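Student: Please take a close look at one part for me: the packing of helices. How is it described?

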Amino acid sequence: MTEKARSEYPEHDKLAAVKDQSQVIGEFLDFGLPQMRIHLSERITRPCECNHCARGQGQFSGWHTAEEKATIIDGRVQITDDAPTHRTIESLLAEWFDIDQAKIEQERRQMLGALREAYTARDAGS
Ligand SMILES: [Zn+2]
């Protein structure tokens, strides 16, 4: 691929630059961790669903600590805990390497369009 052609697909260039690293990390996450019986979790913050918080009156709850009450938004204590992640390994790698998956898809369509045009031009020429 020429330098000019490469610059038409900058997100794919970024992807190509991290391909080897991404491959190794992806295999570790995909096969290594399950083999070691380790599962990925995610820190998630969500509004408390207790009776007080559900009414937007978390500050009046007797069982929330002062520390928990300090997190109140719209009358609801914010609970932070770990939960199994629903993120795909692909999306984790994309975020880590700062790859925009929507741009990748957009460039993929561009590439297909360019291919289609090239074939159409070739067929028209024959
Ligand atoms: Zn609550």
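**Helix packing**

Tutor: The C-alpha centres of domain 1 and domain 2 lie 36 Å apart. Domain 1 covers 10-40 + 87-120, and domain 2 covers 41-85 (bounds from an automatic or database domain assignment). This is a predicted model: local features need pLDDT of at least 70, side-chain atom pairs need 80 or more, and totals for chains, interfaces and linings use all residues. Residues are numbered from 1 along each chain as its sequence is written.

Confidence comes next. The chain has a mean pLDDT of 92 (the predictor's confidence in each residue, from 0 to 100), and 94% of its residues reach 70 or more. Helix H3 has the highest confidence, at 97, and helix H1 (residues 3-7) the lowest, at a mean of 55. Where pLDDT is low, predicted coordinates should not be read in detail.

Now H3 (residues 19-35) and H6 (residues 89-96). Their axes come within 10 Å and cross at roughly 140° (lines fitted to C-alpha atoms over the stretch in contact, with angles from 0 to 180 degrees between N-to-C directions). H3 brings Ser22, Ile25, Gly26, Leu29 and Asp30 to the contact, and H6 brings Ile89, Leu92 and Leu93 (C-beta atoms, placed from the backbone, within 7 Å). Five of these residues are nonpolar, two polar and one charged.

Next, H2 (residues 10-17) and H7 (residues 101-125). Their axes are 8 Å apart, at an angle of about 115°. That makes H2 roughly perpendicular to H7. The crossing of H2 and H7 is left-handed. Glu11, His12 and Leu15 of H2 meet Lys103, Ile104 and Glu107 of H7. The contact of H2 with H7 has three charged residues, two nonpolar and one polar.

Key: Helix = DSSP H or I, 4+ residues; strand = E, 2+ residues; numbered from the N terminus. Contact = placed C-beta atoms within 7 Å. Nonpolar A, V, L, I, M, F, W, Y, C, P; charged D, E, K, R; others polar. Parallel < 35°, antiparallel > 145°, perpendicular 65-115°, else oblique. Left-handed = near helix turned anticlockwise from the far one by under 90°.
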